Amino acid sequence: MLGMSGLGLSVPRRGLWFSALMVGMMALLAGCSLRGRSLADLPAVPPEVAELSANLDDYLAQYKETYHLRPRPAADPMNAAEAYLRQYQPGPLPRIFQTTIIYDRHGARLAEIMDEGYRTWVPLSRISPHVRDAIIATEDSSFYTNPGFDPRRVVGALMQNAEAGEVVSGASTITMQLARQIFFTPAQRFEQSMDRKAFEALLSQDLTTLFTKDEILEMYLNLVHFGRLAYGIEAAANLYFAKSAADLTLAEATLLAGIPQKPAELDPLTNFDLVKARQRIVLDLMARHGYLTQAQADATFAEPITLNPAAEKPPVLAPHFVHYVTAQVNQQLGGVDVRRAGMRIFTTLDLKMQTLAQQIVAEQVTQLRPQYNLSNAALVALKPGTAEILAMVGSADFDNPEIDGQVNVALRLRQPGSAIKPVLYTLAADAELISPATILWDVPVNYRLDKTEEYTPRNYDNEFHGPVTARTALANSYNVPAVKLLDAVGVERMLEGARAMGISSLNRDTSWYGLSLTLGGGEVTLLDLTTAFHTIANAGRYQAPQAILYTTGAPGGQDLNMGSPSGEQVVSPDSAYLITSILSDNTAREPEFGANSALKLSRPAAAKTGTTTDYRDNWTEGYTRYLVAGVWAGNSNGAPMRNVTGVTGAAPIWHAFMEGVLADPELLETLGAPQEEDGWAFIRPSGVISTTITCPPGIRCPETEVFTRSWLERMGSQGPLGDSMITANMHTVTVDRGNGQRTLGACSADEGETHQLVRMPFGLTRALPVVKDPRVAQIGITSPLPPFPGSTRALVGQEVDTLGLALDTNLDSEVLRRIRQEQAEAMRWSGRNNALLYVGPCDQAENVARFMFGDSVRQVAVSGYQPVAESEEPDADALAASPTTVLPIRSGGSSSYNVFGVAHDANCGGTQVIGQVMDADGQPVSGIQVKYEDDLGNFSQTTTNNGSFSFPVLAPNQPNTIYISIQGGNGSATVPHLQGGPTSQGCHYVYWRGVD
């Protein structure tokens, strides 16, 4: 903008005289007389003023170069003002900030969000005529007749300013005030310079030629500040009177009309008397200019004024959800800030359900906190079929900084514990690796991760349950079968499937995750995990969580109509139903959870809990046919809780919320759910069949089970349990290894007694068993299963026999070791339960025996079928110590051992000290005595078997330090636990290496 220095002048007094002269010149140029007075009547002016007048042409040229109002930038006033502001006042978009209002699915207001202030642009037709009259009478009585500036007022101001010796009147019309708002920066607006005042007058004249008076008045009334961050008459009416500008009474309109003069001082909420006095002036001006009679003005002034009792910033309902929606809209709008956009966002949230969820979360946390040291919880509820977010509670108390209440835990990474297991089982079922009746061996197993570290999963109850069905394993959340199943599926395939089902937060490289992934070893968000459960509930179809139904008023016409995307079928409906059947089977989970746990609802419901190491996180995820909900409970800072599990921490919250919804007819209507119990059963797809099964003794299973049609076709005449059991003519196989004939198992032949037996476990490491024996070929499995789609873990070995191993197998040695370990445990179970295991065709019995026991086999005998005698001990240890194992056992060897390393695994699911003693060549050594001692006086000892040993931590809930020592060792290896606090739950590994 051209200043005095730009004219080559040195003018020390920039304010009064230059402003007065230029305004006067503009008035004279407009043809205005001085009403009997001349410039000679004014005080003398400096000589520089005359020089400035001579340069007026240059001054007008500078204006034309600086301001370009033509052509008119938009048809409507708001977008025209926006275009000018973007040109002359760059900043965040949109430049005309407006309040965005967020609603729930029924139109209930959740929040008004803003940036610089509150504003809602309304056309002039939606503004009370009382407001228009009061503003014009007060600010610019000649508004509808002047050319943008009022010559009479300019001359009057000129006289006042000259006589007062200071600027006491600016003579600004409504149009001039509008020009100041649009074209000048905040700093320029307060300058009392000649150039600013002249430009203001010129701009107002140009605006008058481009816009109608009503358009100018609309822009002014929507831009002017009414105090308390209320910009525009609509925001002011809403703030001070909780109504629209269209509904303002004369008394209310005249009270507001006086505020823009000094919005900081004229605050009705804190200085009502001053504002009331200003109203008196407004009413008198209206009477003077003929809008009212004096009597009407007096009567209006006497009317009582009732201000909005909630005039402070309106509360934000569902604040975590509101912030989530705001972030989503910002992402989709690009460079537009939704806080400024003036949008109306209609969300998927049900405010009544949200209020219920918030109340239950707060009440349950308050109730559980003293006993469990549980201070926070979060809840997410989705609508099946659309994945619409019906409720999102991010913390127990948004306003409580002690729990970081403003942090939305529903979007924070936490370890899910066993709550992620259904994702794995769904993927395994979808690949037809298992059925609900598939037998998984819950027996000890350890995985050698590298030369110094092993991973030994443990069940939550620190027990092993032998052969269990997949239904029992998942329903009771047994860890060991889940880890074995993940080893079969592969971590890569598990990650791919979990991401496809909605867990995008598992976003690290595959190498970062291990087998503990299925026990919660990877961090996820509550929203992601609940989305994955929605995928299962939604018949295997993934849909991204929906928070927005539609929007209006977006800048540039970018309104969002989210609708209900169809999603993507990521697992089959049949597989999803199998998992739903398991998770909704209250009888199946009774062994671990009891008959009346918090997972049982008054309507059919599928549910799964999760608990992480040291009780840092509790989870419950579950769904009915009409509602999916997930709950996390714990402490925001990750501090451990006290002996609380998913079923005692998170499940009560989940249960109370679900039952609260079920009991509310209005919420059921929102869900499209019937009030009666009929109609709540999960719908079984046509590809799933329920059939009667017979389980072997000692294995828990229902009388009827569900299977996919494709599974039954593959199993053939052997029936749905063909992958785990076999029906054939059976004979008993015994092996003599120098200690007499010992039972190995049963084999099939052309003749003999027909029996149904459990197969010797083969491990789920690579494939289902392949039966090549023509006498049982009717089972229908004739070749290995293909690898999982997208998985790099191809099948190993050319052909697989009934043991799951080829006699000339190419299986890697570590896999072979684990399979032998599992088979040894299976033989122990066989002896304890007097139940033979099927080992293969009888004509291959000797090959099978030599494969299992190597050259130590002296004789193999096949005889009539006879179960294991109760007094006979199975030859399990011999199998485990077979010379064909990868790490042959050595007894003794070194005379001294050094500590090779100490490691810790917080995600192993138990509280154990596990170790291994190896000789100088790295081979395991049996028969070494190991001692356990701690600071509390506890003592235990054992002997290594296959080089390994383990101890349960004897004081898991007290500060402690444990010392492990071995025969011939160099002292003790210290296994430190948390000093000064409860002992950390987890597995701790100690290794010794022999010294020659």
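**Entry 1. Disulfides**

I began with C747 and C842, which form a disulfide with their sulfur atoms 2.0 Å apart. I count a disulfide as a pair of cysteine sulfur atoms within 2.5 Å. The model is a predicted one, so I kept to pLDDT of at least 70 for local features and 80 or more for side-chain atom pairs, while totals for chains, interfaces and linings use all residues. Residues are numbered from 1 along each chain as its sequence is written, and side-chain values use heavy atoms, with hydrogens and water left out.

The link of C747 and C842 is right-handed, with 90° about the S-S bond. This pair links distant parts of the chain, 95 residues apart: C747 is in strand β19 (residues 741–748), and C842 is in the loop between β21 (837–841) and α28 (845–853). Helices (H or I, at least four residues) and strands (E, at least two) are DSSP runs, numbered from the N terminus. I looked up accessibility next, where buried means under 20% relative accessible area, exposed over 50%, and partly exposed in between (1.4 Å probe, protein chains only). C747 is buried at 0%, and C842 is buried at 14%.

The structure holds two disulfides. The other one I noted joins C695 to C701, with S to S at 1.6 Å. C695 is partly exposed at 22% relative accessible area, and C701 is partly exposed at 23%.

**Entry 2. Confidence and overall counts**

I checked pLDDT, the predictor's confidence in each residue from 0 to 100. The protein averages 83, and 81% of the residues score at least 70. Over residues 1–21 pLDDT stays under 50, and the model has 50 contacts there beyond four places in sequence. A contact means heavy atoms within 4.5 Å. Residues 765–810 also stay under 50 in pLDDT, with 126 contacts beyond four places in sequence.

I counted 29 helices and 32 strands. The protein has 996 residues, of which 57% count as buried. Among contacts with a separation of 6 or more, residues 24 or more positions apart account for 71%.

**Entry 3. Aromatic rings**

I paired rings of Phe, Tyr and Trp (its six-membered ring) if their centres lie within 6.5 Å; planes under 30 degrees apart count as stacked, over 60 as edge-to-face and the rest as tilted. The count came to 20 aromatic pairs. The rings of Y84 and F211 are edge-to-face, because their planes stand at 75°, with the centres 6.4 Å apart. Y84 is in helix α4 (residues 77–88) and F211 is in the loop between α9 (194–210) and α10 (213–223), so I logged this as a pair linking distant parts of the chain, 127 residues apart. Both Y84 and F211 are buried.

W512 and Y513 are also edge-to-face, at 5.1 Å centre to centre and 80° between the planes. W512 is partly exposed at 44% relative accessibility, whereas Y513 is buried at 9%.

Which residues do ring pairs link into a cluster? I listed Y63, Y67, Y84, Y88, F183, F184, F199 and F211.

I also looked for charges over rings, meaning NZ of Lys or CZ of Arg within 6 Å of the ring centre and within 35 degrees of the ring normal. The charged end of R119 sits over the ring of F97, 4.2 Å from its centre. K276 lies over the face of F301, at 4.6 Å from the ring centre.

**Entry 4. Covered elements**

Helix α12 (residues 250–257) is mostly covered, with eight of its eight residues buried. The cover on those residues includes α5 (129–139), α11 (233–241), α13 (272–288) and α14 (294–302).

Strand β30 (residues 961–966) is largely enclosed by the rest of the structure, because five of its six residues are buried. Strand β27 (residues 929–934) pairs with β30 in the antiparallel sense over five bridges; I took strands as paired if DSSP finds at least two bridges between them. D934 has I962 of β30 as its bridge partner.

Most residues other than glycine have a negative phi, and most peptide bonds are trans. I noted some exceptions.

- The peptide bond from R70 to P71 is cis, with omega near -5°; P71 is in the loop between α3 (56–66) and α4.
- The peptide bond from L93 to P94 is cis, with omega near -10°; P94 is in the loop between α4 and β1 (100–103).
- D404 has a positive phi of about 55° and is partly exposed at 39%.
- E432 has a positive phi near 55° and is buried at 16%.
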